[in-house]
Amino acid sequence: MGGFSATALQAAPVSGYEPVAGRQVIEKTFPEVTRYQPLEENRAIQALYAGEKLKGYVYQSLDFVQTPAYSGKPVNAVVVLDPEGKIRAARVIEHHEPILLVGIPERKLHEFTDQYVGLKADQKVTVGGTSNERKVAVDGVSGATVTVMVINEVLMRTAHRVGVELGVIEGGASSRPPMAQIRSDGFQPRTWEELTGNGAVRRLRLTRGQVDDAFLGTPAEGIDEASQAEREDTLIDLYATYLDVPTIGRNLLGENQYRRLKAELKPGEHAIAVMANGDYSFKGSGYVRGGIFDRIQIRQFGDTFNFRDLDYYRLSDVYAEGMPDFNEMAIFIIRQQYNFDPGTPWTLELTVKRQTGPLDSEFQVFPLEYQLPDTYYTRPEPVVTEEEWLESQPMWVQVWYQKQFQITVLGVGIAVLLFILFFQDWLVRKPRMMRWIRHGFLVYTLVFIGWYALGQLSIVNVLTFVNSLISGFSWETFLIDPIIFVLWAVVAGIVLLWGRAVYCGWLCPFGALQELLNEIARKLKIPQYTVPFAWHERLWAIKYIILLVLFGVSLEAMGTAEQMAEVEPFKTAITLHFARSWPFVLYAVALLVVNLFTRKVYCRYLCPLGAALALPTKLRVFDWLKRRKECGNPCRLCDKECEVQAIHPDGRINYMECHYCLDCQMTYFDDHKCPPLIVKRRGKRRGHNAPGHPEQIPVAQVE
């Protein structure tokens with residue numbers, strides 16, 4: 001991607017990005033801008049000029065971070081910074097979020113990103129909560145909490161990174177760990193072999209061929225190139241070590257030289273030794289000409305620093321047993337202003353230069369990585385507040401932490417549901433209590449899981465999961481919404497144990513809304529209509545056809561499939577609380593009105609999610625819905641009473657269509673309602689001489 005040059009703005013869109021959108025953001029922010037100029041250091045960042053005056057910088061977030069949002073795909077935004085590091089504009093130009101594609105108006109997303117105008121790139125910004133001296137709180141978007149949290153992270157992470165790169169804000173210091181402390185005790189005699197073996201002394205060996213290869217493709221290719229026979233010859237064999245540690249410094253320098261060195265060092269200063277053999281000098285000639293060593297530098301925490309002549313001490317006498325002879329040896333002092341941390345990895349960078357002309361030259365940098373063995377230092381535990389700790393965690397951890405209450409209440413609800421399932425035979429013997437329990441749980445599902453926690457599962461979740469398996473699975477994509485993740489984990493287990501029925505009958509918020517409304521309709525004596533079983537059995541197929549169409553379209557165009565998934569009224573009725581444009585509201589309300597006369601028409605005939613959950617139902621472990629041999633012939637009471645018509649005329653329960661309401665089980669155990677039990681009870685009253693001995697009616701479980 002990268003860039004807003006005049007050429008780029010006329011080019012075709014890349015990865016779905018429309019260049020005009022970026023141009024409009026720039027023109028609205030700085031209408032006086034006449035040209036865009038990519039930075040040499042990072043061409044993904046463009047400087048904005050009005051004539052010769054620098055007005056600011058612009059970039060696309062996707063060039064710097066690819067944090068997956070709820071859809072599993074990253075969000076791309078255009079961000080404009082002014083020369084002081086303040087955000088002057090932020091606009092999302094590409095996303096794949098289902099809730100924003102068809103649902104929440106686009107203006108709400110723009111209103112959200114407009115809150116970032118005027119914020120400094122290094123400020124802490126959170127979605128929700130209250131602002132204080134440490135952070136700025138911005139308002140979220142109802143129904144898209146996870147999405148806007150991701151957008152917040154994308155905007156502020158990239159703004160901070162670009163701001164640091166531009167030098168308009170400071171970076172890195174706040175994320176440093178507490179300074180490591182060198183152990184002053186525990187000196188042990190060590191040979192050169194032991195010091196190099198445990199990593200106290202690190203090595204970089206460059207051959208002439210390696211260096212020649214590094215200049216391939218540059219103007220310096222072929223200059224001072226080694227012959228084929230010389231390619232394996234050593235150009236430089238470089239060693240580096242950290243001298244402040246007694247076991248390292250005293251073994252290399254000897255007791256007296258080590259003591260003198262330590263006496264020279266001021267608080268916060270550190271000493272390293274650099275030693276080398278070969279034709280290439282790490283000292284170079286810079287320290288002679290102007291007091292700066294131009295061939296080596298130290299890099300740590302992204303910062304680099306060079307050595308001057310006053311930082312250099314000649315090293316001639318070394319004492320470590322087995323130490324080889326070196327052409328060059330030096331001690332360099334790292335001064336206190338660099339805030340060097342001896343326990344954090346650092347790099348000694350060796351620069352090799354080749355002259356390509358009288359005034360032109362090419363450089364290649366070769367790093368010698370150094371990490372002090374952890375036995376030589378201690379580091380105090382960082383003292384951080386809970387809020388600071390949370391800010392350092394991945395996005396999905398932050399979301400889970402912020403939704404602890406919802407997760408806890410959801411967990412309690414699932415525990416209650418499991419209790420109902422495992423003790424259903426005892427509960428259904430108390431029909432009045434069981435109905436109160438069921439209706440109470442449906443209210444909990446609708447109000448808490450649905451309207452409050454926004455835990456309405458969707459066929460879009462299934463399609464996203466399948467696409468992630470094809471294009472590259474990432475747990476972070478699914479962990480980013482804890483309520484949906486927990487529900488799907490529970491549903492996966494429930495489908496394998498009991499089939500589709502439990503989710504559709506107990507945990508689906510839209511299903512709960514339909515059932516509660518139908519119960520109210522019955523109380524109000526609204527007439528109920530039963531679909532003839534022959535038609536009912538054929539109408540089942542519609543939801544499977546819808547599922548197949550959505551699945552096929554998703555393989556080619558996931559965005560189109562997400563829009564077609566609006567056949568689900570879930571987003572309108574549950575996620576957005578009916579706050580949508582009238583066609584969506586009319587569709588959802590129409591389904592609920594039909595449901596007043598015939599229970600759960602949508603669930604039975606149109607729901608692609610129900611169809612997806614029904615397919616693995618045949619693999620379920622338990623068949624806990626009991627049947628008798630009389631069920632279906634001659635008794636048809638349960639099949640007449642089943643509100644979703646999941647019981648066939650022959651008495652068999654179709655688990656792929658059952659919603660596990662347990663009404664049939666309340667009848668099964670009711671000896672005042674179930675005809676076989678009524679006969680049995682009457683037979684017991686009359687004695688064992690009653691014809692047929694009804695007390696011996698066998699019980700059979702129908703597969």
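This is a predicted model: local features need pLDDT of at least 70, side-chain atom pairs count only at pLDDT 80 or more; totals for chains, interfaces and linings use all residues.
Q: How many salt bridges does a search of the whole structure find?

A: Here is the general idea: side chains of opposite charge can pair when their charged atoms come close. In this model the search finds 26 salt bridges. Take Glu 515 and Lys 600, whose closest N and O atoms are 3.3 Å apart. Glu 515 lies in helix H20 and Lys 600 in the loop between helix H25 and helix H26, so the pair ties together parts that are 85 residues apart in sequence.

Q: Is Glu 515 buried or exposed, and what about Lys 600?

A: Buried means under 20% relative accessible area. Glu 515 has 5%, so it counts as buried, and Lys 600 is buried with 1%.

Q: Which parts does the salt bridge between Lys 543 and Glu 657 tie together?

A: The two side chains meet at 2.9 Å, N to O. Lys 543 lies in helix H22 and Glu 657 in the loop between helix H28 and helix H29, so the bridge links parts 114 residues apart in sequence. Lys 543 and Glu 657 are both buried.

Q: Which residues make the nonpolar surface patch?

A: Leu 418, Phe 419, Phe 422, Phe 423, Trp 426 and Met 433 make this patch of about 570 Å². Helix H13 gives the largest share, three residues. Phe 422, found in H13, is partly exposed at 46% relative accessible area.

Key. Residues are numbered from 1 along each chain as its sequence is written. Side-chain values use heavy atoms; hydrogens and water are left out. Patches are made of residues with over 30% relative accessible area and no salt bridge: like charges are joined within 9 Å, nonpolar side chains (Val, Leu, Ile, Met, Phe, Trp, Tyr) within 5 Å. Accessible areas come from the Shrake-Rupley method with a 1.4 Å probe; for residues, only the protein chains shown count as cover. A salt bridge is a side-chain nitrogen of Lys or Arg within 4 Å of a carboxyl oxygen of Asp or Glu. Helices (H or I, at least four residues) and strands (E, at least two) are DSSP runs, numbered from the N terminus. Buried means under 20% relative accessible area, exposed over 50%, partly exposed in between (1.4 Å probe, protein chains only).
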